[in-house]
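Visitor: Before we go through this model together, could you take me through the helices and how they meet, one step at a time?

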Amino acid sequence: MMNYAGLSKISLRVFLGFLGLTALIAIVTVLSGEFGELQMKVLVTTFTISAASICAMSCAAFIVKKNRLAIGLGGIFLTVITAVLVICGIWPEIDSEIYWKTTGTIGVTAIACAHGFLLYLPNLGKRYRWVQNISFLSIVVLALQIIVAMWGEIPDEAYYRFLTVVAIMVGLETLSIPILFRMGKGQKRELLILEKLEDGTYRDTGGKRYQVNSLE
């Protein structure tokens with residue numbers, strides 16, 4: 001069986017590598033005083049791969065933590081497709097509205113998946129888990145709004161006001177989940193009542209049997 005935990009480490013290393021490369025290219029460009037079309041394309045390419053690495057890292061962590069292989073790999077697939085489309089679009093300078101709208105749609109979906117997976121990683125207490133579900137739903141709604149606006153070119157100001165409200169909600173929910181995780185971490189306590197049996201083992205109230213050894 002493949003060790004999916006290695007996906008997170010690989011993604012992290014790739015991300016750090018391309019992040020360093022992007023910084024190096026930017027520094028060289030600034031010091032040389034030249035910033036032409038070639039330098040711009042190289043920077044966009046490295047930034048794209050760095051962003052794709054972040055999304056892939058989130059999906060890989062979701063696979064490892066939640067054991068959801070198909071869903072996690074789907075997110076990674078969307079991320080890779082988006083990066084390929086962006087890079088293939090900027091170098092030959094593809095001037096097709098359909099091409100870039102399709103690329104944007106897949107990209108928004110990939111980012112939404114990575115964002116949602118990231119928010120599901122913390123193991124919140126039972127009374128806080130609804131926040132994760134609401135957060136994921138808000139991300140889906142926001143992604144759909146962006147895609148509809150992209151394809152429909154909606155001129156209605158009220159639509160974008162509502163989109164902004166949903167975006168603010170997503171930001172608030174994203175910030176609240178780590179806080180709720182820290183709050184619940186110190187509060188979680190479980191009481192295990194065991195009954196000692198004649199053979200030296202123990203049994204809980206549900207009938208499950210245990211072997212108990214002293215740590216001292």
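This is a predicted model: local features need pLDDT of at least 70, side-chain atom pairs count only at pLDDT 80 or more; totals for chains, interfaces and linings use all residues.

Guide: The expected span of a helix is 1.5 Å times one less than its number of residues.

Visitor: How far does helix α2 reach from its first C-alpha to its last?
Guide: Helix α2 covers residues 37-66, which is 30 residues, and at 1.5 Å a residue a span of 44 Å is expected.

Visitor: Which residue follows α2, and what is its phi?
Guide: The residue that follows α2 is Asn 67. The phi of Asn 67 is positive, near 55°.

Visitor: Are α2 and α3 roughly parallel or roughly antiparallel to each other?
Guide: Helix α3 spans residues 69-90, and its axis lies 8 Å from that of α2, at an angle of about 175°. Angles over 145 degrees count as roughly antiparallel. The two helices, α2 and α3, are therefore roughly antiparallel.

Visitor: How do the residues of the contact of α2 with α3 divide into nonpolar, polar and charged?
Guide: The contact is made by residues including Lys 41, Val 44 and Ile 63 of α2, and Leu 69, Gly 72 and Ile 90 of α3. The residues of this contact divide into 17 nonpolar, five polar and one charged.

Visitor: Is Phe 117 buried or exposed?
Guide: Phe 117 lies in helix α4, residues 97-120, and among the residues it touches are Cys 59, Phe 62 and Gly 75. Buried means under 20% relative accessible area. Because its relative accessibility is 5%, Phe 117 counts as buried.

Conventions. Residues are numbered from 1 along each chain as its sequence is written. Side-chain values use heavy atoms; hydrogens and water are left out. Helices (H or I, at least four residues) and strands (E, at least two) are DSSP runs, numbered from the N terminus. Axes are lines fitted to C-alpha atoms, for helices over the stretch in contact, and angles run from 0 to 180 degrees between N-to-C directions. Angles under 35 degrees count as roughly parallel, over 145 as roughly antiparallel, 65 to 115 as roughly perpendicular and the rest as oblique. Contact means heavy atoms within 4.5 Å. Ala, Val, Leu, Ile, Met, Phe, Trp, Tyr, Cys and Pro count as nonpolar, Asp, Glu, Lys and Arg as charged, and the others, Gly among them, as polar. Buried means under 20% relative accessible area, exposed over 50%, partly exposed in between (1.4 Å probe, protein chains only). Lists of a residue's contacts leave out its neighbours within four places in sequence.
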